Amino acid sequence: MNELKQREEQKNRFFQKDNTIATKDRVVAWPRMGNIDLSMNALVSSLGVRIVEAPPNTNEALEIGVKNSIEGICLPYKLNLANYIMALEKGANTLMMFQAPGSCRFGNYTKMAQKTLKKMGYKFDMVVFDMYQSKMKQTLQAFWHVTRCANPYRYYKGFSTGFNKAFAIDTAERLLFYTRPRELNKGDAERCYKKWYKIIAETTSIWGCKQLKKQIIKDFKKIPIDKDKIVPKVYLLGEFFVLLDPYTNKEIEKTLGDLGVEVERQIFFSDWLEHVLQPSFLYKKESHRERCVRFAEKYMKRAIGGETIETIGDTVFAAKNGVDGVIHIMPFSCMPEIVSQNILTKVSKEEDIPVMSLVLDEQTGKAGYQTRIEAFIDLVKRKKMKQNLNNKK
Amino acid sequence: MKQNNNGVNVIGIPRAISYYNNYPFYFGFFKGLGLEVLISDRTTTKLINEGSNYVVSDTCLPIKVFVGHVINLLEKGCNTIFIPSLQSTAYKVNNCTKIRGLPEIIRNVINKPFKMIEPTLDKTNNISFKDFCYDTAHQLDIFDENKIEIAIQYGWSIYNNFQQMALAEIPFEEALKNAIENKIVSKPIEVVKPLSVVIMAHGYNLFDERISMNLIKKLEKMGVKAYTGLNVSKQNAINSIQELGEIQYWANELDLTGAAAYYMLNNKVDGIIALSAFGCGPDSLMVDEIQYHASEKGFPMIHLTIDEHTGEAGFVTRIEAFIDMLIRRKRKKLKNNNIKILPSSKKEQITKKEDKTVSFV
């Protein structure tokens, strides 16, 4: 416990909280990662503080990030930094971010971003909270510091709507992955998803947010699909940020869906949020991570940080549940995923499941990327066809 | 388990990664347990190529070298190999993922039958160093507590001797050799060199003569004294990091940021050389951190990146250019203070040239 306190003191010294900004002048910004801004908007605005959305990740954003960060750092940091800079230009003065020390370079992002931005001459208040021991307390403290909101109902409303929005959008995404390869009229599923994205963003009431999930399921069921179509199933695994961010992974789910493949992703923001923020004695069922540890046992005896154990565990799980292939994506020079890549070679051979690793960096061209995916999908489809033939015989 | 001619069990330790920091302890500990220690051969190009065949191309050079060393031990007939997983060395001070997952990589990459001794050190999750030692012994089927305690003490005594010599600025190889023979030698009298630099690098990059291409000796030939992370005590390193206003994040940060910060804050060196392997995650952050403070304090700094293809010629040119710049800088500084000294290396060069001309005539 003593060490924990020391560590926290050190952290507080580094991220000195700025109390000079009045609450009503505060404009909060948050780095982008997939659909995280939906929940963050709901939470922060219900606590009564303005929030400014960083512009979506594009080539221009990446260029700004690359220009201002060091050579060897990984891609997610470059985009995060770009988000901060663009948000500051738009008038933000409070930057919020969570961190999880002990995983990989991720624990150092905020430290570096603060230094870089101060060097560039921006004035802002960086509020950081850790995602390990005493995480709930730290999270609340951070939001209290920013909003000075003492009304428990508002906290309840913020967290409730935020959570439910995250669940709703992830449900929509899951259904989209299922429907896209099976739909009869091309584009139906995509249109439905976009419609619901807008509705989710606009809903504000607690009751409305709670109902979203059911309504989405109902609406997706209305889309005409070919139920008997044989669709190969592919798992999408890898690094957290790259999986969630559609710009970085070049919308790989869409590419695969258009090729007639059902994609399943094991990592969703809402699942992770639920796992991380809940105290461990409240877990109802075996969490995703626990399942991964169980399945990866043959190949790994210990967790080594990052998402290595998730990647390995899910691959084994996929092989045992009749999934046809695994696509493993990671940013260039990602430390934990390089270890997984090494291990996956053996897993692929022993469990008899095709695995393809894709390394993404700021120079990846979409054409070469598409060719590799198509070739891999051809392989998966042929394997599936052969299996079906054998079954018929 | 392989046995030597006298019937003593042999344990293999790869000459890579934690060898360069902890070998004195490992040696004493296993000797105390009644085992013979076998180290792999020195790194060669062939060994690196062999290691690269087993892992994916994105893996960093030190890991490729490590795999090569394990293969080397297996070829020697050793079938019990010590591969520790050093997860964290203090609360929330973690190692690089690849070092944490060394046993996992080796298990899945090398498909040969051998026994791996894979203890875990993880102070974040309350697995202390003592547990680490007990775990090692238990995996070797040694359960006698007295024997283990004595072995730990013997390990520490050798490690302390090594540390003492390293702090007294005795070169790594010499200190290691003497420590293993249970001797302490005192520091030889040295000619004061005109220039001094601190090299911030991991032990496994710097002291491996193939990877670092003999950087320390090259610098010595140019008349430059090179300090390393071994010459700074742990406490000094931690204090220096705090004094810079940074938080220790990586387990092996003391060798890099700690050493550089210590010499920088005490104004003991003229420049900083950072040596890191291509694609190294921790280094990319630590070097940047020091670069930021060095530019603030006006210290010259060079960042050398190495991989398995680095040509020696280009490497030397970069070091020479950097040292030349340091000499010019120092001369200017002395001139401003009205002190006239020529660096010894330049002096030698000049006298040599004169000799040649005389003999030629």
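Modeller: Of the 393 residues in chain A, 44% are buried. A residue counts as buried if 20 or more other C-beta atoms lie within 10 Å of its own, as exposed if 12 or fewer do, and as partly exposed in between, with C-beta atoms placed from the backbone. Please keep in mind that this is a predicted model: local features need pLDDT of at least 70, side-chain atom pairs count only at pLDDT 80 or more, and totals for chains, interfaces and linings use all residues. Residues are numbered from 1 along each chain as its sequence is written, while chains are lettered from A and ligands numbered from 1 in the order in which they are written.

Chain A holds 16 helices and 8 strands; these are DSSP runs numbered from the N terminus, helices being H or I of at least four residues and strands E of at least two. Its radius of gyration, 22 Å, is close to the 21 Å of the globule rule for 393 residues, so chain A is as compact as a globular protein of that length. That radius is taken over C-alpha atoms, and the rule is 2.2 Å times the number of residues to the power 0.38. Along the principal axes, the C-alpha atoms fill a box of roughly 75 × 45 × 45 Å. Two residues are in contact if their C-beta atoms, placed from the backbone, lie within 7 Å. Of the chain A contacts between residues at least 6 apart in sequence, 74% join residues at least 24 apart.

Now for the domains, whose bounds come from an automatic or database domain assignment. Chain A is divided into domain 1 (8-148), domain 2 (153-179 + 182-230) and domain 3 (231-393). Domains 2 and 3 of chain A have their C-alpha centres 23 Å apart, and 8 residues of domain 2 are in contact with 11 residues of domain 3. On the domain 2 side of that contact there are 5 nonpolar residues, no polar ones and 3 charged ones. Here Ala, Val, Leu, Ile, Met, Phe, Trp, Tyr, Cys and Pro count as nonpolar, Asp, Glu, Lys and Arg as charged, and the others, Gly among them, as polar.

Strand β3 of chain A (94-99) pairs with β4(A) in the parallel sense over 6 bridges, where pairing requires at least two DSSP bridges between the strands. Within that pair, A:Met96 stands opposite A:Val127.

As a reminder, an α-helix has 3.6 residues a turn, so residues three or four places apart point the same way. After α2(A) comes A:Gly48, with a positive phi near 90 degrees.

A:Asp352 also has a positive phi, about 60 degrees, although it is not a glycine. It sits in the loop between α15 and β8 (355-360) of chain A and is exposed, with 9 other C-beta atoms within 10 Å.

Let's finish where chain A meets chain B. The contact takes 34 residues from chain A and 27 residues from chain B. On the chain A side, the elements giving two or more residues are α1 (2-14), α5 (109-119) and α15 (335-351). α15(A) supplies the largest share, 8 residues. By class, this side has 16 nonpolar, 11 polar and 7 charged residues.

One last item is the largest nonpolar core, which has 205 residues, and B:Val197 and B:Met200 are among those with the most contacts inside it. Such a core is a set of buried Ala, Val, Leu, Ile, Met, Phe, Trp, Tyr and Cys residues joined through C-beta atoms within 7 Å. Its largest share, 10 residues, comes from helix α4 of chain A (75-89).
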